[in-house]
Each structure stands twice: as C-alpha cells, then as structure tokens.
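Grab a pencil and let's work through a few exercises together. Try each task yourself before you read its solution.

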Amino acid sequence: PRTGPAYDPAALARRARAQLLPEHYDFIAGGAGEERALRENEDAFARLALLPRVLRGGPGSGTRVTVLGREWPAPLFVSPTAFHRLAHPDGELATARAAAATGTPLVTGMAATTAVADVVAAARARNPEAVVWFQLYLQPEHEVTAELVRRAERAGCSALVVTVDSPVFGSRTRDLRNGFHDLPPGLAAENMRDLPGAAPGGTRDIAMWPAGWDDLRRLRDLTDLPLVLKGVLHPADARTAVEQGVDALLVSNHGGRQLDAAPAAVEALPAVAGAVAGRIPVLVDGGVRRGTDIALALALGAVAAGVGRPVLWALATGGEDGVTELLSTLRADFAQVLALCGGHRPGDLTADQVVARGFPYH
Ligand code: FNR
C-alpha cells in the first residue's frame with residue numbers, strides 16, 4: 001500500500017467549509033440536539049485501540065470482502081446522503097463516477113438531487129460492474145413505496161437500504177437556527193418526481209412516519225432485491241430483523257442527525273453483531289474517517305464500513321477527482337492498517353484485538 005499524500009479528514013472538512021454557503025455547510029455537518037451522537041461517532045473510535053498481532057507470516061492477500069454475494073475491493077462503501085448538488089454542481093453524478101472508478105459500492109438515496117436511473121447510468125459508464133444500492137424510507141402510501149422500488153429495480157440497483165431510524169424527523173439544531181428547510185431553486189429530490197399524488201412535473205415531500213414490521217413485510221413481498229435495514233441499534237431489533245428475512249443490517253445513528261442520545265454507531269455494533277451471530281452481514285456507518293476506523297469496525301463484527309460526510313467534503317472541494325482521491329486514500333490507509341495489525345485479509349481482524357484506551361485494558 002502506498003503511503004501517499006498526508007490525508008487529514010479534519011482539514012478536508014475545513015476546506016469544504018470555505019467553499020460552501022454557511023447554511024449548506026451546516027446542513028451537512030450538523031446533527032440533532034446538542035450534537036452528542038454526532039460527536040460521539042468520531043470520539044468513540046478515538047477511545048478504542050487496536051492490539052496488533054505479530055509474526056503471523058504469510059503473503060498479503062488484500063482487502064477484498066464479499067457482501068451479499070458480490071466481491072468488493074475493500075470493506076468500504078459510500079453511505080446515502082441527501083442533496084449532493086448542494087456540495088457540487090455535478091452532484092451525485094460525480095460521486096457515482098468516483099465510486100465506480102474505485103470499485104466502491106455506492107448507496108444512492110431517495111433524497112438525491114439526481115434520479116436513481118441517472119446515478120446508476122453514470123456509475124456503469126465508468127465501470128460496468130459498479131455496485132449501486134438504493135436507500136429509501138417506507139412511505140405511508142404503499143403505491144409510492146412500490147413505485148420507488150420499481151425505479152430502483154429498473155435502474156439496476158442490487159439492494160434496497162431501508163432507513164428505519166426516522167419515524168419522525170430529527171431536530172437539526174443548525175438548520176433550525178439558520179432557517180434552512182428548502183433546497184435552492186433548480187434543485188429537487190429527483191426520485192420524488194412524478195410519483196402517485198405529486199403534482200404533474202412536481203416532487204412529493206419525503207414522509208417520515210412510524211412504519212411497522214408489517215410495512216416491511218409488504219416491501220419484502222414487493223421485490224426480490226436484498227433488503228438492508230439501516231439504523232438498527234438495539235440487539236432485539238437485530239434479532240427480529242433476521243427472523244423477518246432481512247438480508248443485512250446497517251448499524252447507524254444516522255450520523256447523529258436523529259436521536260441525539262443514541263450511542264455511537266461503533267459502540268452499538270458489538271451487541272448487534274452478537275445478536276445476529278453471523279446469520280446475515282452487518283455493516284456500520286458513523287464517524288468513519290480513517291483506515292483505523294474501518295479496521296476497528298471490522299474487528300467488532302462489521303463486514304464493511306460506510307462514509308457519509310467525508311464524501312460530501314471531498315465532492316465540495318474536488319468534485320469527482322476529490323471523491324476518487326478520498327476513496328482510494330481510505331482503501332490504501334485500511335490496507336496499511338490491516339497489515340500493521342498482522343492481518344492478511346479483512347476477516348483476520350478480531351474482537352480480541354480491540355481494547356479501550358486507558359489503563360488497565362483487560
Ligand atoms: C445523511 N444520512 C442519511 N441517511 C439516510 O438513510 N437517508 C438520507 O437521506 C440521509 N441523508 C443524509 C444527509 C446528510 C447531509 C448526512 C451528513 C447524512 C446519514 C448517512 O447515511 C450516514 O448514516 C451518516 O452520514 C454516517 O455518518 P458520517 O460518515 O457522516 O459520520
């Protein structure tokens with residue numbers, strides 16, 4: 001693995017801040033309430049240390065992982081974030097091209113400012129094997145959910161990520177202070193256009209409502225695509241999800257944007273992974289900034305880790321090239337950390353290698 005130019009995630013965020021309108025920067029950077037959950041996502045990783053193993057010998061075999069039957073070049077994916085065209089005029093198209101060029105799976109969202117069909121087309125033009133998943137919120141009207149699913153299927157998405165941590169919208173302190181609630185003219189949530197109940201040519205608002213397991217079963221009956229539940233933090237919900245035939249879990253506190261008292265994603269991970277007990281893959285996002293964070297997530301039971309905000313900062317500062325640089329740097333950084341931990345493949349990282357910082361650790 002290359003050592004490359006110094007990568008400084010905090011400096012990347014600062015450079016993005018200088019590029020963006022303050023209310024747009026705050027929309028991306030901010031979280032709910034006092035932003036405890038937001039801060040904890042990063043701080044929790046910083047409280048953990050990795051115990052490297054030594055003299056394990058053997059040739060390096062790389063960073064590849066298999067997730068839902070597809071091989072990924074590294075245990076890293078792009079988490080769904082809204083409104084990429086706030087960050088850069090090329091928006092989701094640039095993100096999709098960069099993700100595809102680096103082989104990084106992309107979760108494009110219901111709140112994208114580019115329609116899912118265009119996102120997948122841009123990714124596939126760069127790399128015919130590109131993996132794109134579609135994130136959705138179940139909608140109160142079944143025919144709206146059904147139409148979104150059909151669009152994702154037609155576009156060529158290979159999984160649906162159902163975000164279940166948003167029965168109501170979180171209180172985003174900075175947005176409330178800034179009075180930021182609408183996209184600027186010319187930008188819209190394009191996946192919400194021309195849905196049942198929308199004005200002709202117009203978009204519907206994304207509804208946040210308390211969906212139930214019954215609604216998830218209806219979605220299960222609607223599609224053969226694998227279902228990934230995003231926002232599961234309680235081990236009992238993880239168990240139910242497995243029983244209900246969910247195909248994967250994404251442990252997440254929504255980047256600290258929903259329940260401010262939620263634990264850091266990486267702190268919730270071990271109990272969820274324990275409840276799942278290997279029956280389905282567990283993914284995680286929130287506060288992943290470096291290869292060490294990816295390694296910690298894997299050691300604690302995740303098969304891969306997602307990045308949200310850093311992608312938007314890279315997009316704001318460097319467009320497609322910026323995102324390509326970020327994703328390849330993160331992969332190289334993880335490869336180096338894996339080797340330093342004495343691992344030859346991602347699965348070599350184990351929970352006994354994770355200790356809390358401070359003394360004594362056992
Ligand atoms: C998000 N996230 C998110 N999640 C989701 O399921 N649907 C969505 O529409 C959005 N939108 C969104 C917008 C912005 C600006 C951010 C920052 C985040 C949450 C996202 O998928 C992910 O869980 C977190 O961003 C991961 O944390 P980090 O990497 O940003 O710390």
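**Exercise 1: Strands side by side**

Task: find which residue of strand 9 stands opposite lysine 230, then say in which sense the two strands pair.

Solution. Step one: lysine 230 stands opposite leucine 250 in strand 9. Helices (H or I, at least four residues) and strands (E, at least two) are DSSP runs, numbered from the N terminus. Before going on, note that this is a predicted model, where local features need pLDDT of at least 70, side-chain atom pairs count only at pLDDT 80 or more, and totals for chains, interfaces and linings use all residues. Residues are numbered from 1 along each chain as its sequence is written.

Step two: strand 8 and strand 9 (residues 248–251) pair in the parallel sense, over three bridges; pairing takes at least two bridges found by DSSP.

Step three: strand 7 (residues 160–163) also pairs with strand 8 (residues 227–230) in the parallel sense, over four bridges. There, leucine 160 stands opposite leucine 227.

**Exercise 2: A valine inside**

Task: is valine 284 buried or exposed?

Solution. Step one: look in strand 10 (residues 282–285), where valine 284 sits.

Step two: count. Valine 284 is buried because 29 other C-beta atoms lie within 10 Å (buried means 20 or more, exposed 12 or fewer, partly exposed in between, with C-beta atoms placed from the backbone).

Step three: check its partners. Leaving aside neighbours within four places in sequence, valine 284 is in contact with residues including Leu250, Val251 and Leu269 (contact means C-beta atoms, placed from the backbone, within 7 Å).

Key. Two residues are in contact if their C-beta atoms, placed from the backbone, lie within 7 Å.
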